[in-house]
Amino acid sequence: MIWNETMECMKREDMTKLQGIRLKETVERVYHNCVPYRKRMQEAGVTPDDIQSIEDIVKLPFTSKKDLRDYYPFELLSVPISEIVRLQASSGTTGKPIVVGYTRKDLGIWGEVGARCFTAYGIRKQDVVQVSYGYGLFTGGLGAHAAAETVGAAVLPMSSGNTEKQIMLMHDFGSVALACTPSYALYLADGLKDSGIPREEFKLKIGAFGAEPWTEAMRKELEEKLGIKAYDIYGLTEIIGPGVGYECVHQNGTHLCEDHFYPEIVNPETGEPVPHGQMGELVFSTITKTGMPLLRFRTRDLTSLNYETCECGRTAVRMGRILGRSDDMLIIRGVNVFPSQVEAVICEMPELEPHYFIEVDRVNNLDTFEVRVEVKEEFYSDDMSTLVGLKKQIAHRLQSVIGLQPDVKLVEPRSIERSQGKAKRVNDKRKLV
Ligand code: ADP
Ligand code: ZN
């Protein structure tokens, strides 16, 4: 089913026109109501009159995460605080968080885009939806909550944590859908197994997973462990939160709500647009939000866009799986390594649990690269020579995929720390020096 056929299946030509009109309105809005944007545009020598169609967007300067820090907390708002009805923030790794303000209209948009996602996954008004993303400043919980409520489903606002209770209520209330991070879903899968309750007694069939990068291999793992179909949901606080993009039943890319969030792909080093279909950094402009519109925001997420109409009938552009954020990329002995590449290798091997941890350090001017991974119970008890063989096999697979051989450490099942929100899977000790 499709929540908003007009927008999700609009002819490309009409969409381009609509995006142009909405961009122009947004540019007017920020130019007249937001001092930092007006200054930026004046410095770049652009006025709202220069923006007549969506193609003109390239005349506008970029916005970065640093701008959100510099104008902390409210300078990037385009309305007085009296119009703001919600504040959310993202953790940010250092110092101050990033703050986003929503008007009532913005909250409506958030519910609308969320409803498109949940409808695409097959969630209906008669379903119980268990929201196990954290509630609070993090947009995951309240975003998924608004999505489920807009669809008219019965929302179970669990937030993250308290795994036993999650399983109990999932069972007793008959949750049909589970919304949480893929790493918390893994955690819950273990909890489900430990509960001893037979799988047939659960109604769960849909996972709405996102807020962190996850691989195709991880999808398989989750679908098998939980006995569900797992869908991707994408979003980021600066743009609105979860609901910026979603997978349809064909799972051949993540459809973007491009009538609200206009996407571009640029070369992460030069900022120049890359040719259609090529990989680069995703950039978004919000073209309907009123509280804190952002123009050409550099997400640092690396992906590509596909403008072909999808088998589901939606014309909404699809982005490929996110390889990672450009700042998640590790450069080890000169080789570029994304944690998602390590994840793909680990999930492929039947002897391993999908839990891993990467540690990078520098000893005597040489980078060290260690990958810790859990062995499944039934393999862990095996004799030493099997384990040594397995270790070699993992190291070789990783070598062939990333071009670098890590020092592999096999650890006991359940010994790597589990995450209830976004997983932390890397410790780059070189950064501390
Ligand atoms: P923070 O920046 O503190 O992590 P956000 O929740 O705003 O806070 O994080 C948004 C980021 O999370 C995105 O830019 C992207 O890197 C990542 N992300 C969110 N959803 C997905 C997804 N479905 N797949 C891959 N990465 C995702
Ligand atoms: Zn589709």
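Visitor: How far apart are the centres of domain 1 and domain 2?

Guide: In this predicted model, the centres of domain 1 and domain 2 are separated by 30 Å, taken over C-alpha atoms.

Visitor: And which residues belong to which domain?

Guide: Domain 1 covers 1-327, and domain 2 covers 330-428.

Visitor: How many residues does each one put into the contact?

Guide: Domain 1 gives 24 residues and domain 2 gives 16 residues.

Visitor: What area do they bury between them?

Guide: Domain 1 and domain 2 bury about 1800 Å². Of that area, 52% is on carbon and sulfur atoms.

Visitor: Why give an area at all?

Guide: The accessible area lost when the parts come together is often used to give the size of an interface.

Visitor: OK. How many salt bridges cross the interface of domain 1 and domain 2?

Guide: The rule finds 3 salt bridges there. Polar contact across this interface involves 11 residue pairs, with both residues at pLDDT 80 or more.

Visitor: Which parts of domain 1 touch domain 2?

Guide: Three elements each supply at least two residues to that side of domain 1: helix H8 (182-195), helix H9 (216-226) and strand S15 (324-325).

Visitor: Which of them has the largest share?

Guide: H8 does, with 6 residues.

Visitor: What classes of residue are on that side of domain 1?

Guide: The side touching domain 2 has 10 nonpolar, 8 polar and 6 charged residues.

Visitor: Back to salt bridges. What does Arg 414 pair with?

Guide: Arg 414 forms a salt bridge with Asp 194 through their side chains, at 2.9 Å from N to O.

Visitor: How many salt bridges are there by this rule in total?

Guide: The count comes to 30 salt bridges. One of them joins Lys 24 and Glu 28, whose closest N and O atoms are 3.7 Å apart.

Visitor: Where do Lys 24 and Glu 28 sit?

Guide: Both are in helix H2 (residues 12-33). They are 4 residues apart, so about one helical turn separates Lys 24 from Glu 28.

Visitor: New topic. How many helices and strands does the protein have?

Guide: The protein has 12 helices and 21 strands.

Visitor: And how compact is it, for 433 residues?

Guide: The radius of gyration is 22 Å, close to the 22 Å from the globule rule, so the protein is as compact as a globular protein of that length.

Visitor: What box do the C-alpha atoms fill?

Guide: Along the principal axes, the box is roughly 75 × 55 × 40 Å.

Key
Residues are numbered from 1 along each chain as its sequence is written. Chains are lettered from A and ligands numbered from 1 in the order in which they are written. This is a predicted model: local features need pLDDT of at least 70, side-chain atom pairs count only at pLDDT 80 or more; totals for chains, interfaces and linings use all residues. Side-chain values use heavy atoms; hydrogens and water are left out. Domain bounds come from an automatic or database domain assignment. Contact means heavy atoms within 4.5 Å. Buried area is the accessible area (1.4 Å probe) that two parts lose on being put together, summed over both. A salt bridge is a side-chain nitrogen of Lys or Arg within 4 Å of a carboxyl oxygen of Asp or Glu. A polar contact is a pair of N or O atoms within 3.5 Å; within protein, one must be able to donate a hydrogen and the other to accept it, and residues adjacent in sequence count only if both atoms are side-chain atoms. Ala, Val, Leu, Ile, Met, Phe, Trp, Tyr, Cys and Pro count as nonpolar, Asp, Glu, Lys and Arg as charged, and the others, Gly among them, as polar. The radius of gyration is taken over C-alpha atoms; the globule rule is 2.2 Å times the number of residues to the power 0.38.
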